[in-house]
Structures are given as structure tokens and as C-alpha cells.
Amino acid sequence: MDLFEYQGKQYFARFGIPISKGGVADTVDQAVAQAEESGYPVVIKAQVKVGGRGKAGGVKLADNVDEARMHAGNILGLDIKGHVVKRLWVEHASDIAKEYYASFTLDRSAKKHLGMLSAEGGVEIEEVAVTNPDAIALIHIDPVDGLSLEVAQEWVARANLDEEAREQAAELLVKLYACYTEGDCDLAEINPLILTPEGKVHALDAKVTLDANAEYRHPEWDEFAGSDVEDEREAMAKERGLNYIGLSGSVGIIANGAGLAMSTLDVVNQCGGSAANFLDIGGGANADVMAAALEVINSDPAVKSIFVNIFGGITRVDEVAKGVLEALSRVDITSPIVLRLDGTNAVAGREILASHLSDRLVAEPTMLDAARKAVALAGGQS
Ligand code: GDP
Ligand code: MN
């Protein structure tokens, strides 16, 4: 779950990371009131979950009430890369001597946390990574060891942060690491992390992604829910109690069991296609569940073919077959369906379907054949 900047900053503040004084505003009048509260000069910032707001005109400085009114009016309603601004964050503006970059994320291949720190912040870090990779100091942190102040001190020196910023930056990084680990983030990023002319180090921006798997131990995250614009397909699936994750490909996937669903994604990739989703209909899935699954996948305009891959264990293939027919009678399915049905009651299931097969409803004997067929029907290799 991605947080808005203002939520990310509030999350940072819980871990003692210094941020500027500010508040949110949903109207121009609220923005002006908040500007008074924060103290001029202020910076008025679009709250959208996309980067590059500054370049898009979504971050403006205001020295007085007239400027605050004008900028707030211009930014509210602004479309930034398809995200319409409905909320502003108004904070006391900082003077900037230096802009740095700092983040923590997980390096899955190293099985460790990865810290990135650069004296060249403010700009997009992807750009720095290409033009001047040596300017990013990386650190791998074993989750068992954590990040000590000593290691953080060595790290800020290695990253060539200005001498006067190092002590505060090291302390801030230890807090950011605590936020990232104890706070169950997938990503905690500050860009820019600034040094002010007065020699203070603090966070001017916040990009936080929370690990949804840890939601159960963070009742305080409830306040973040609802503000997140969910994938429409995922919202629809959630309503129907389905285990669905939206992806960007063109082959809709229905499988029973998470393992088989993942293998199905793999085999679709292997055949040169790409999956539109992950969907595990679980063990013991009946006709209703199958119909609901087909409905959700059918709602996705990117889907060009649907691959139903069922290995009946507890799930009975004849039930699945009935579910497919039931769904076909309920919903106008726009994509051809490829079925691979095997396991418990497979023969009975195939019999139920036999008279319904067509070029819109195809049965294949193996998972690989079915994947090839589904990829071909989706328009071939992607
Ligand atoms: P982003 O463009 O979405 O990453 O938004 P940021 O919050 O990073 O703001 C973009 C840029 O606006 C920063 O890199 C700063 O250069 C500038 N900016 C943001 N806040 C302030 C501030 O308080 N004072 C000054 N002088 N510039 C700011
Ligand atoms: Mn930024």
C-alpha cells in the first residue's frame, strides 16, 4: 500500500525523523489557513501517488496569502500523470543548502535490506544511477544485525555527505531504518533529504510503501485505508472474496491453489505470453466461485484470452465444469476460454463440457498445450 507524502511524513514523525511543520488542505481556504498556521514562506504540494510532482507544477513556494491562494487554486484539480489533485500538503518552506537522497528497500536476491544514499539528491535517483552510479553509496544490511549508528556513520562518510550533515544524517538513517523495519515498509524513501544553511538535516519529501502482509499487526494503518485508490479489478475480486492480484498482461488466469496459479503464470511466460492477473480460486471451489472468478477477469479490458487451469484434488472437476457453464450463462464473456481440467472427477467434468466446446471454449489435455493455446488466442508472443 503506497502512502501519500503527507501520510509518509506523519509515519516518519512517529519514528522521530525530522520533517517540516505542516498540514493538509482540501480547499483553497483551508490551504490559506494552513499556510498561516505553518508560517510563511510555505510550500504547497500536490498529494498524488506519483513522483515528479515538482516538474509537473505540483510543488510551489508561496511568500504571502495572495501567492498561497493562487498556487493552491492552480494545484487543486491539476492532472499529474493521470492523477487528479484533490488534497494539498502545506508546510513551512525550508531553505536548502544541499539535497541528498536516502532509501531502504528489500534486495530479494541478496536476502538483505538495501540502503541507498547519495549526496546527489533532489533529482530522480534512476537518473543518477545511470549517469553517475558511483554517486550512490549502497549498503546491505542483515536484518539480524540491523543498522548501528557506527555503521551509519561510516556509510554517510562513504556517500560523501557534507561534513556538517554527517552526524545528523547518520542518526536520521538509523531512525529511517527503524521506520522501514519496525514500521513494516517495503520502501521508505526520502528525496530530497536536505541540509539547510543553518546546518539542519531533515526530510522534505516522503515516499512510503507499506507491506500489506503486515497489516494485521498495525491497527493504526486503518487511517490510511480508503485513501488508497485500489485497482478496480482487485476491489471487485475482494468483494467476491477472491484471492486476486491484478497484473498487466493479456492472458487471464484462473487456477486452484497458489502453487498451481504461480506455475500457470510461469508457463504462460514460458510460452511467450504474459498474465493479466494471479487468481487462486482455492481448494473446494464450486460453481459460484468459478462464475465470480470469470466475472472479475472478464471485467478487465486488457484480457484477450482466459486460461482456466484446474487440478482437482479437493476441488472436483465436474463442479468446476458446471461453474464454467454457469458463468457463461450469467455473463457475456468477451474472451475465448482455454480449459485444462485434470484430477478428481476429470472425466465427468469433460463430459459435462463436451457438447459446449467451440473455438470460444477450448479444452487442452496438458498445462503446456493449454498455455500455448491461450497465448496464441491472446495474440501470440508479447
Ligand atoms: P517530487 O517532485 O514529487 O519528488 O516532490 P518533492 O517533494 O521532492 O519536491 C520537489 C522539489 O521541490 C524538491 O526537490 C525541492 O527542490 C523543491 N522543494 C520542496 N520543498 C521545498 C522547500 O521547502 N523549500 C524549497 N526551497 N524548495 C522545496
Ligand atoms: Mn521528491
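A polar contact is a pair of N or O atoms within 3.5 Å; within protein, one atom must be able to donate a hydrogen and the other to accept it, and residues adjacent in sequence count only if both atoms are side-chain atoms. The model is predicted, with local features requiring pLDDT of at least 70 and side-chain atom pairs pLDDT 80 or more, while totals for chains, interfaces and linings use all residues. Residues are numbered from 1 along each chain as its sequence is written.

A backbone N or O atom of Gly 54 lies 2.8 Å from an oxygen atom of ligand 1. A polar backbone atom of Gly 52 is 3.5 Å from an oxygen atom of this ligand, and an N or O atom in the side chain of Asp 205 is 3.1 Å from one. Taken alone, ligand 1 exposes 560 Å², of which the protein buries 80% (accessible areas by the Shrake-Rupley method with a 1.4 Å probe).

The manganese ion (ligand 2) has Asn 191 (O) and Asp 205 (OD) as its protein donors, at 2.2 Å. Donors are N, O and S atoms within 2.8 Å of the metal (3.2 Å for Na, K and Ca); water is not among the atoms, so sites may look incomplete. Asn 191 lies in strand β10 (residues 185-195) and Asp 205 in the loop between β11 (201-203) and β12 (207-210), so the pair ties together parts 14 residues apart in sequence. Strands are DSSP runs (E, at least two residues), numbered from the N terminus. Asn 191 is buried, at 14% relative accessible area, and Asp 205 is buried at 17%; buried means under 20% (1.4 Å probe, protein chains only).

Conventions: Chains are lettered from A and ligands numbered from 1 in the order in which they are written. Side-chain values use heavy atoms; hydrogens and water are left out. Helices (H or I, at least four residues) and strands (E, at least two) are DSSP runs, numbered from the N terminus. Buried means under 20% relative accessible area, exposed over 50%, partly exposed in between (1.4 Å probe, protein chains only).
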